[in-house]
Amino acid sequence: MKVSLKHHWVVKPAEATWNGTVSLSECDQTFAVTHVPTIYYYRFCHDCLPSTDNIIKTLRTSLSKALVHFYPLSGRLRWIAGSRLELDCNASGVVLMEAETEAKLDDLGDFSPSPDSNSLFPRVDYTIPIDELPLLFVQLTKFQCGGIALSFAISHAVVDGQSALYFLTEWASLARGEPLGNEPFHDRKFLRAGEPPIAYPTFEHLQFNPPPLLLGQSSSEEEKKNETKGSMLKLTKHQVEMLRKKANQGNQGRSYTRYEVVTAHIWRCVCKARGHKFEQPTNLCICVNIRNIMQPPLPKSYFGNAIVDVIANGVSGDITSRPLEYVARRVRAAIKMVTSDYANSTIDFLKNQEDLSKYQDIHAFRSKEGPFYGNPNLGVISWISLPLLGLDFGWGKEIHMSPGTHEYDGDCVILPGKEGDGSLTVAIILQAVHVDAFKNFFYEEIEC
């Protein structure tokens, strides 16, 4: 798909904002510290087709207003000792781009991720020094049919998924002429940002250990070279309930959640599709939101990263041959480990590290080195409860939303399906040779 960039603007806060340096928490500056892409597609009827000029004007004006409240996004990151980062709140601004394509929305089919859609996302140039790199990029692309795509790339070093969606929702409200719903809470001291270590970790933190390699291999270099492919797999409410019913057979505790069951199902199917040996070790990395877990809980409008990773592990033979309830139980056991004490122990572990580089996915900044969580491992993130859908900037709700495309084997996100219908969508990246087998197992296992 050929996309032509027409204009770009640096958008700054509409009013003067707080200026100074902010210490980032350990949650902010570990694992992914690059930009996370998402995209929304909008279709208009012929009688209500807004002009691109009006759309851009609305976006620029409302974004400038939103940045007054969400001013950290207008700043820049800065490397400090120990491969740590701090945030310079200097109102340097964010980037808004206007583009167009001769393609039509219908050319995208079911909107499954593909190389053709890469040009619909902002291109982030990581050769630029990090202290000059904007933290937010926005791209509006107009299709020949009159529809548009609105894509975002937001620095994960500044916000997690919940905070990013909080920002987008408030920005959309301002674009519709409505007042800000909730003022963001910017004090990262709640997660001890910038404070020296005061204790050693009290838990074992497997998420910071090197993940298992394929049996017979001494590194992940060969696996990194393999071509990957993205897929979007839909689960109806009925299919989700079938999985839950299957997983709860023999369950003596409370009913398994949708995330626990679907994640267990994905883990099983991925192990089968990869054709592991029975004794192959495999890790499942789970991101847990700690906002309500911390004691005291974080403010509801906390703006930053508030997630910790936890590992469920096993051997592929057990994961694939034992009942779904066994795998769901392993997922639940890992999630239950994350208490306020565990989260603080995670912070303590990282504060006691002289250098954080080996715990950061910074290959886009410095080199191709960095953590690899592909075959035989997997990471499944839940966006099920996030306010992803219904993002209305004044021209109606989107017809489709999806995470951006990338090339990282083993990355998976579970999203809500159509608004309110109980369905789910699984967005997953796997090596191309494993994709067809995974899709077959994914649906066949539901019926078994």
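The questions below ask how terms applied to this predicted model follow from their cut-offs. Local features need pLDDT of at least 70 and side-chain atom pairs count only at pLDDT 80 or more, while totals for chains, interfaces and linings use all residues. Residues are numbered from 1 along each chain as its sequence is written, and side-chain values use heavy atoms, with hydrogens and water left out.

Q: Why is strand β10 called largely enclosed by the rest of the structure?
A: Buried means under 20% relative accessible area, with exposed over 50% and partly exposed in between (1.4 Å probe, protein chains only). In β10 (residues 228–235), 6 of the 8 residues are buried, so the strand is largely enclosed. Strands are DSSP runs of E with at least two residues, helices runs of H or I with at least four, numbered from the N terminus.

Q: What makes β10 and β17 a pair?
A: Two strands pair if DSSP finds at least two bridges between them. β10 and β17 (residues 424–431) have 8 bridges in the antiparallel sense, and Gly230 stands opposite Ile429 in β17.

Q: Why are α4 and α5 called roughly perpendicular?
A: Axes are lines fitted to C-alpha atoms, for helices over the stretch in contact, and angles run from 0 to 180 degrees between N-to-C directions. Angles under 35 degrees count as roughly parallel, over 145 as roughly antiparallel, 65 to 115 as roughly perpendicular and the rest as oblique. Helix α4 (residues 237–247) and helix α5 (residues 258–274) pack at about 85°, with axes 9 Å apart; they are therefore roughly perpendicular.

Q: Which residues make the contact between α4 and α5?
A: Contact means heavy atoms within 4.5 Å. Val240, Leu243, Arg244 and Ala247 of α4 meet Arg258, Val261, Val262 and His265 of α5.

Q: Which elements do the buried residues of α9 pack against?
A: They pack against β10, α4, α5 and β17. The buried residues of α9 (residues 432–447) are His434, Val435, Phe438, Phe442, Glu445 and Ile446.

Q: What makes a set of residues a nonpolar core?
A: The members are buried Ala, Val, Leu, Ile, Met, Phe, Trp, Tyr and Cys residues joined through side-chain atoms within 4.5 Å. The largest such core has 57 residues, of which Phe152, Phe167, Trp171 and Phe393 touch the most other members. Helix α2 (residues 161–175) gives the largest share, 9 residues.

Q: Why are β1 and β15 placed at the edges of the sheet?
A: The open sheet of 6 strands has the order β1-β7-β8-β9-β4-β15, with mixed pairing. β1 (3–11) and β15 (400–403) each have a single partner strand, so one side of each is left without a neighbour in the sheet.
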